[in-house]
Each structure stands twice: as C-alpha cells, then as structure tokens.
Amino acid sequence: MGKSDIKTTVDARGLSCPLPIVKTAQAAKGLASGDLMEVIATDPGSVKDFEAWSRATGNELVEQVAGDGEFRFFLRIK
Amino acid sequence: MKTGMDETISLVLFSGTDDKLMAAATLAAGGAAMGKPVHILLQYWALDAFRKDSTGADHGLAPEAGEKGRAAFETAARAGQASWSDTLRAAKELGEIDIQACSQSMKVLKFEQSDLDPLVDGVQGIAAFFINAGSGQIVFI
C-alpha cells in the first residue's frame with residue numbers, strides 16, 4: 001500500500017460522532033471497488049467506529065495509525 | 001460474516017428539545033452510514049420542531065440538562081458540532097432514511113404537510129409504522 005494509491009482523503013478532524021463515519025460513507029459512494037481511501041479523525045471514538053463500519057459495510061480496514069491526537073484509517077472499498 | 005446490518009431501525013421521536021433531537025439524529029445518521037434502513041416517526045413536540053423554517057430555531061433542552069448542561073451544549077455548537085437538522089439532512093443524502101409525521105399528532109397540532117420542513121417525507125398512521133418496522137428494533141426518544 002503506497003501513499004500514491006490513495007484515491008481520496010476524508011478530513012474528519014474536529015468532527016464528533018457520527019460525522020466522521022457519515023462523511024466517510026458519503027465519500028465511499030463516489031469510489032470504485034478496490035479504491036483506497038484515507039480518513040483522518042480526532043474523535044477517540046472513531047477507532048471502534050471505523051472497525052464497526054468496516055465490518056458492517058465490507059470495506060476493508062487495511063491499516064490504522066494513531067499519533068499526535070490524530071487517527072488515520074486506510075480503507076479499501078469493497 | 002453476519003453483521004445484522006440488514007435490519008431496519010425505527011426511531012419514534014416524541015420530545016422536541018434540541019438535545020433529544022440531536023441524540024436521535026446521531027442514531028439515524030450512524031445507522032444510515034452503516035447501511036441500515038432507518039425509519040423515523042415524528043410525534044407531538046418532535047413534530048412541532050420539524051415545522052417549516054423552524055428546524056434551526058432554539059428548541060431548548062430537556063430539564064435534566066440544567067445550567068451546566070446548557071453551557072456544554074452551547075460550547076459544542078460553537079465548536080462546530082452540526083445541528084440535528086443538518087445531521088439529518090446529511091444522513092438523508094447518504095442512506096435510506098424515511099421521516100414520517102404521525103397522522104394523529106398532525107391532527108392534534110392542526111398541521112398540514114405543507115407546514116413541515118422538506119426533511120419530512122410524508123404522513124403516516126401507526127399501522128404503517130409497525131409494518132415498516134418489521135422485526136427490527138424500535139427506539140422511543
């Protein structure tokens with residue numbers, strides 16, 4: 001997975017639940033199967049939320065990174 | 001893997017204060033983002049909050065909020081927390097959210113559908129509500 005593969009980045013910093021997953025679901029609608037999406041969030045609840053969203057929608061959570069109060073999620077569109 | 005995401009969630013909104021409407025909008029938007037069909041039935045004071053040109057007004061908070069609660073709610077709003085009506089509008093673009101006015105409450109409050117915000121899709125009786133809810137969960141707020 002290279003950074004150049006990322007088709008779109010959702011900046012959900014400063015947003016609280018449920019907006020990070022709402023914005024992500026919105027962005028996912030415009031992507032094709034196999035596309036890689038990055039989400040940046042600051043809401044600590046988003047860690048469990050993105051695991052759940054991935055499980056519910058079938059979009060694979062390829063990687064997640066936390067640091068400096070930010071959470072980055074890399075999702076592969078189903 | 002079975003996730004249970006195929007099940008409909010039905011929300012009955014009764015209270016018309018901004019905190020309870022925000023809690024309901026959060027559940028609805030989260031459900032829509034997860035791919036769940038969401039049905040919302042508006043009764044009484046919640047229905048009143050969905051009047052045309054009034055969704056953005058100050059509808060107060062539940063009594064248990066108190067002064068501290070009000071301050072916290074106002075701080076969140078100033079920090080950019082989306083309002084319940086904006087959250088619902090975003091959620092409707094995203095997924096299957098059907099918002100219906102309870103026909104009995106419409107009668108009591110003497111509303112016509114033209115009095116209501118475009119977020120409201122129609123007017124419904126209780127039998128139709130239960131048929132649409134199916135075997136999914138029903139939450140009363």
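How accessible is R51(B), and does it count as buried, partly exposed or exposed? At 31% relative accessibility, R51(B) counts as partly exposed, where buried means under 20% relative accessible area, exposed over 50%, and partly exposed in between (1.4 Å probe, protein chains only).

Before going on, note that this is a predicted model, in which local features need pLDDT of at least 70, side-chain atom pairs count only at pLDDT 80 or more, and totals for chains, interfaces and linings use all residues. Residues are numbered from 1 along each chain as its sequence is written, chains are lettered from A and ligands numbered from 1 in the order in which they are written, and side-chain values use heavy atoms, with hydrogens and water left out.

**Stop 1: chain B.** A salt bridge is a side-chain nitrogen of Lys or Arg within 4 Å of a carboxyl oxygen of Asp or Glu. D48(B) is also partly exposed, at 26% relative accessibility.

**Stop 2: chain A.** Select K7(A) and D35(A), whose side chains form a salt bridge with 3.7 Å from N to O. This pair links distant parts of the chain, 28 residues apart, with K7(A) in strand β1 (residues 6-12) and D35(A) in the loop between α1 (19-29) and β2 (36-41); helices (H or I, at least four residues) and strands (E, at least two) are DSSP runs, numbered from the N terminus. K7(A) is exposed, with a relative accessible area of 55%, whereas D35(A) is buried, at 13%.

Next, select R13(A) and E70(A), a salt bridge in which the closest N and O atoms are 3.2 Å apart. Both residues belong to a network of salt bridges that links D11(A), R13(A), E38(A), E70(A) and R72(A).

**Stop 3: between the chains.** Now select the residues in contact (heavy atoms within 4.5 Å), of which 14 come from chain B and 14 from chain A. About 1,200 Å² is buried between the two chains, and carbon and sulfur atoms give 70% of that area; buried area is the accessible area (1.4 Å probe) that two parts lose on being put together, summed over both. Highlight A33(B), M34(B) and L94(B), which supply 42% of the area that chain B buries against chain A, more than any other three residues. How many salt bridges cross the interface of chain B and chain A? The rule finds 0 there.
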